[in-house]
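The following note sets out several points on the model shown below.

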Amino acid sequence: VGPNMQLAQSLLPQIEALIENDVENARVKAWMPLFLRRGFIAGCSIVKNFWKTTSTTNYRRRRLGGGEGEPIFYTTEAEELKTFDGPTFDVVDPLRWYIHPITSKTIDEARMVFEELDVDWSHLKSMEEAGIYKKIDRIKDRADSATRGGSIIDSNRDIRTQAYGYTVEDMMMSDTYRLVEIWAKFDLYGDGRRLPCKIVCVGDTILEVRQNPFFSQRPPYRAWRMTDTFDNFYGQGLMENIESMQYAFNAMFNQGIDNANWQQNPMIVINKSQLASNPSDIQIAPRSFLYTYGDPRMNVHFERPPETYKISFDVAQLLSGMMQDIAGAPPIMQGKTGGRTQTATEADILRQGAGAFTNILASKIESELLSPMLQDFYMLEQQFRDAETYLKITGGAPPRQVSPQDLVGDYQFTWHVSTDATQRLMMLQAKGGGLTAAPAAATGEPGAPGGPPGDLPPEGM
């Protein structure tokens, strides 16, 4: 907390309720599966935290008149209703987000990050009316050239959508404009000092250039990497690590199936000179007849290739185990099918193995994304909260009232919602109380100085 610790501590319940409300409104829990999925597949998952305000127009029926002897009239009035006002948790498409240089360890040390965004003319007009974008009429007739440039990113996205019969261009409306939002360090004032800046352009037309508008003076992004790599910001995804083994697994498994299919459906070798009918009339099917001269066993026999499917399936199982090792699956579950018969030892090993991997994953997400995100939320609240807010958090907590004047303290936020949250909170409490806590007295002994009293028997006992 800041210098005025007493005031900051008195406001702590309101601040906690406000940040908890922000997390709920941003739907962090709902978007987390998509965030994790992109991190597992692409190696890096990015979210955008910025302040967003949206509203809609509702219509209400109002009564006019109605006094004694007066006629009653009704009118319809439009009312602007704010639908969202707070920080966001927007999961960014990793194929539309870039960082330079790619060897940057963090977003903060990068020279530049930028994101492609598709917007319509209404959005551009509202941004101009708000004084953010300048002279948007310069690009009014450039919708096609700005959005259908055949960029590399479109080609990458088309690979994903062509299976469904459409391309990126097919999905775009006629008034779609592609913006590039750049967050870079730039000599804005020509004095040789590089400042954090925000630049928005469509093609080569610049709509906005200004110093970073956020108090934090950093790009509004947070990233999490599945596996950190040397000199590569994006890291590696789970699929990238097992890609070569997956190819080998598919090849061996397919060959095993092919061989098993030949064993199940062998080739038939027939001496056609001993057939009693035309070979073209032969039907190989259940309950069919095949007429031959002489002993049928000498004229018809089945040919099967060597039984190599066992080797193929053994190798496939070995590769599957290696991929499960990389993915963090508990060893006791590898090579076993699901079932209800499980010993207590197996269940305990399974719980410990799965819990260890989950704890490591959750701790990494907390440190790289969630704890910094809470700090971002508070900084955005300090900057943009302009009205008093009344909060009622479910779960029995009393209602809280927060005003912009309350958002003046300096707080440090930490996310504690992982599977080992209880143990970690106990450690924090132990650290915080270690200087003053004294051991509790045993039954029948007086309490130690500074500690809780012992459980003394009543007088006369």
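1. In which strand is the place of Ile199? Ile199 belongs to strand β8, residues 195-202; helices (H or I, at least four residues) and strands (E, at least two) are DSSP runs, numbered from the N terminus. The model is predicted, so local features need pLDDT of at least 70 and side-chain atom pairs count only at pLDDT 80 or more, while totals for chains, interfaces and linings use all residues. Residues are numbered from 1 along each chain as its sequence is written, and side-chain values use heavy atoms, with hydrogens and water left out.

2. Ile199 counts as buried, at 15% relative accessibility; buried means under 20% relative accessible area, exposed over 50% and partly exposed in between (1.4 Å probe, protein chains only). The C-alpha atoms of Ile199 and Ile182 are 5.0 Å apart in space, although the two residues are 17 apart in sequence. Leaving aside neighbours within four places in sequence, Ile199 is in contact with Val180, Glu181, Ile182, Ile206, Glu208 and Val209, where contact means heavy atoms within 4.5 Å.

3. For the chain as a whole, there are twelve helices and 16 strands. Of its 461 residues, 31% are buried. Among contacts between residues at least 6 apart in sequence, 62% join residues at least 24 apart.

4. Rings of Phe, Tyr and Trp (its six-membered ring) pair if their centres lie within 6.5 Å; planes under 30 degrees apart count as stacked, over 60 as edge-to-face and the rest as tilted. By this rule the count comes to 18 aromatic pairs. One of them is edge-to-face: Phe40 and Trp224, at 6.0 Å centre to centre with 80 degrees between the planes. Phe40 lies in helix α3 (residues 28-42) and Trp224 in strand β10 (residues 221-225), so this pair ties together parts that are 184 residues apart in sequence. Phe40 is partly exposed at 23%, whereas Trp224 is buried at 0%.

5. Tyr378 and Tyr411 also form an edge-to-face pair, with 5.5 Å between centres and 85 degrees between the planes. Tyr378 is in helix α11 (residues 344-384) and Tyr411 in the loop between β16 (400-402) and α12 (421-433), and the pair links these distant parts, 33 residues apart. Tyr378 is buried, with a relative accessible area of 2%, and Tyr411 is buried at 7%.

6. Which residues touch the most other members of the largest nonpolar core? In this core of 30 residues, they are Phe89, Leu369 and Met373. A nonpolar core is a set of buried Ala, Val, Leu, Ile, Met, Phe, Trp, Tyr and Cys residues joined through side-chain atoms within 4.5 Å. Not counting residues up to four places away in sequence, Leu369 touches Met32, Phe35, Val47, Phe89 and Arg222.

7. A second, separate core of 15 residues includes Cys44, Ile99, Val113 and Tyr221. Cys44 is buried, with a relative accessible area of 2%. The structure holds zero disulfides, a disulfide being a pair of cysteine sulfur atoms within 2.5 Å.
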